[in-house]
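Hi everyone, thanks for making time this morning. Let me put the sequence and the model up on the screen, and then we can walk through it together.

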Amino acid sequence: MTKLAIIGGTGLTQMPDLKIIKRDQITTPYGSPSAEYITGELNHTEVVFLARHGNPHSIPPHKINYRANIWGLKELGVEEVIAVAAVGGIAEDMAPAHIAIPDQIIDYTYGRNHTFFEDDNDAVTHIDFTYPYSQKLRSRLITAAAQANIKITPLGTYGCKQGPRLETSAEIRRMERDGCDLVGMTGMPEAALAKELNMDYATIAVVANWAAGKTEGEITMAEIEQHLHKGMANAAEIVKAFIALSSN
Ligand code: HPA
C-alpha cells in the first residue's frame, strides 16, 4: 500500500487504536514540525500520524509551521495525506458534528509561509491548483464513509481564515456570497504545500459549530468541544474504513 499519513486537527491529537511502532523527531530546513511523527499500525497497516497543533494541543493555526510539517512527511516517504480538520458550518447541511469531504478551497490567510519555491535561485514554479484536493483520495474517502455507514457531504468549498479569532457574522455572510460552505483556519497553506511536494492530499472536515451568525448568540468553546467529540470519532471510523479498503 502507498504510504499514508493522517494529520490530526483540533479534537484529534491522537489517533484512536493506533499501535505505536516508532516516533520520529525530525528537523527540517524549515524548522521544527508541530510534534513528533508517530508511525503505527491501524488495521494491520502502517500509517504516520502528526498532531497539527502539537501534542498537547498548543500551537494556534497562524503559528503552525506548515512547511516543516509537510516536509517531514515527505522525508518519511509519505505519498498520501488525509488531513482531519475542525470547521464551522456555513451551508445549510453543514450542521455541528456533520462531516464533509471538500473539493474546493478559498484562501483568506495572510503572512503564512506558504510555499517551498521562494528562493531567488529556484526556478519559478507555479503548481496547478485547479483541483486543490486529490480527486482520487477524495473518492476513496467518500466510499469509505459509505462503508462505515457515516452520512457525509461529498463536496464543498472550504474557506480558510487566518484566525485565531472566529469570524464576525458579516464576514461569514461575505464568505457565503463567495461560495464557501465551510470555514476553517488550517487548510491553507497545508493543501498547497502537499501539492508542491507531489503528495496526494484530501481533507475530512468535521463541523464543530455553526459559523458566526448562523445561530442566535455567540459561539462557545464548550459547544465546539461537545460536537467535535462525536464528529472526530466518526472521522476516525472513516479513516479506518479507508485503510481497510486500501489494503484489499
Ligand atoms: N471558524 C473558523 N474555524 C473554525 C470554526 C469557525 O467557526 N470552527 C472550527 N474551526
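Let's start with a strand: which residues point one way from E9, and which the other way? Thr157 and Gly159 point one way, Tyr158 and Cys160 point the other way, and all are buried. By buried I mean under 20% relative accessible area, with exposed being over 50% and partly exposed in between, using a 1.4 Å probe and protein chains only. As a bit of background, side chains in a regular strand alternate between the two faces of the sheet. My labels for helices (H or I, at least four residues) and strands (E, at least two) are DSSP runs, numbered from the N terminus.

Some housekeeping before I go on. This is a predicted model, where local features need pLDDT of at least 70 and side-chain atom pairs count only at pLDDT 80 or more, while totals for chains, interfaces and linings use all residues. Residues are numbered from 1 along each chain as its sequence is written, and side-chain values use heavy atoms, with hydrogens and water left out.

Back to E9 and its partners. E7 and E9 pair in the parallel sense over four bridges, where pairing takes at least two DSSP bridges between two strands. Ile105 stands opposite Tyr158 in E9. E9 also pairs in the parallel sense with strand E10, residues 182–184, over three bridges. There, Gly159 has Val183 as its bridge partner.

Now to the nonpolar cores. Generally, in soluble globular proteins, nonpolar side chains tend to be buried together. I count a core as a set of buried Ala, Val, Leu, Ile, Met, Phe, Trp, Tyr and Cys residues joined through side-chain atoms within 4.5 Å. The largest one here has 35 residues, and Ile70, Leu73, Val78 and Met199 have the most contacts inside it. Strands E1 (4–8), E4 (45–51), E5, E9 (157–160) and E11, together with helices H1 and H4 (190–196), each supply at least two residues of this core. Its largest share, four residues, comes from H4. If you click on Leu73, you'll find it in contact (heavy atoms within 4.5 Å) with Ala5, Ile7, Tyr37, Val48, Val78, Val81 and Met199, leaving aside neighbours within four places in sequence. Apart from that core lies another, of 34 residues, among them Val84, Ile101, Ile224 and Ala236.

Let's turn to helix H5. H5 has 26 residues and reaches 36 Å from its first C-alpha to its last, close to the 38 Å expected at 1.5 Å a residue; that expected span is 1.5 Å times one less than the number of residues. H5 bends by about 30° at Leu228, the bend being the angle between axes fitted to the seven residues ending there and the seven starting there. The buried residues of H5 include Ile224, Leu228, Met232 and Phe242.

Leaving aside neighbours within four places in sequence, Gly231 is in contact with Ala97, Ile99 and Val206. The C-alpha atoms of Gly231 and Ile99 are separated by 6.9 Å, although the two residues are 132 apart along the chain.

Last topic: charges. Side chains of opposite charge can pair when their charged atoms come close. How many salt bridges does the structure hold? There are ten, each a side-chain nitrogen of Lys or Arg within 4 Å of a carboxyl oxygen of Asp or Glu.

Glu118 forms one with Arg67, with the closest N and O atoms 2.8 Å apart. This pair links distant parts of the chain, 51 residues apart: Glu118 is in the loop between strand E7 and helix H2, and Arg67 is in helix H1. Glu118 is partly exposed at 45% relative accessibility, whereas Arg67 is buried at 8%.

Arg140 and Glu80 also meet in a salt bridge, at 2.8 Å from N to O. Arg140 lies in helix H2 and Glu80 in strand E5, so the pair ties together parts 60 residues apart in sequence. Arg140 counts as partly exposed at 25%, and Glu80 counts as buried at 3%.

That's my tour, so please ask away!
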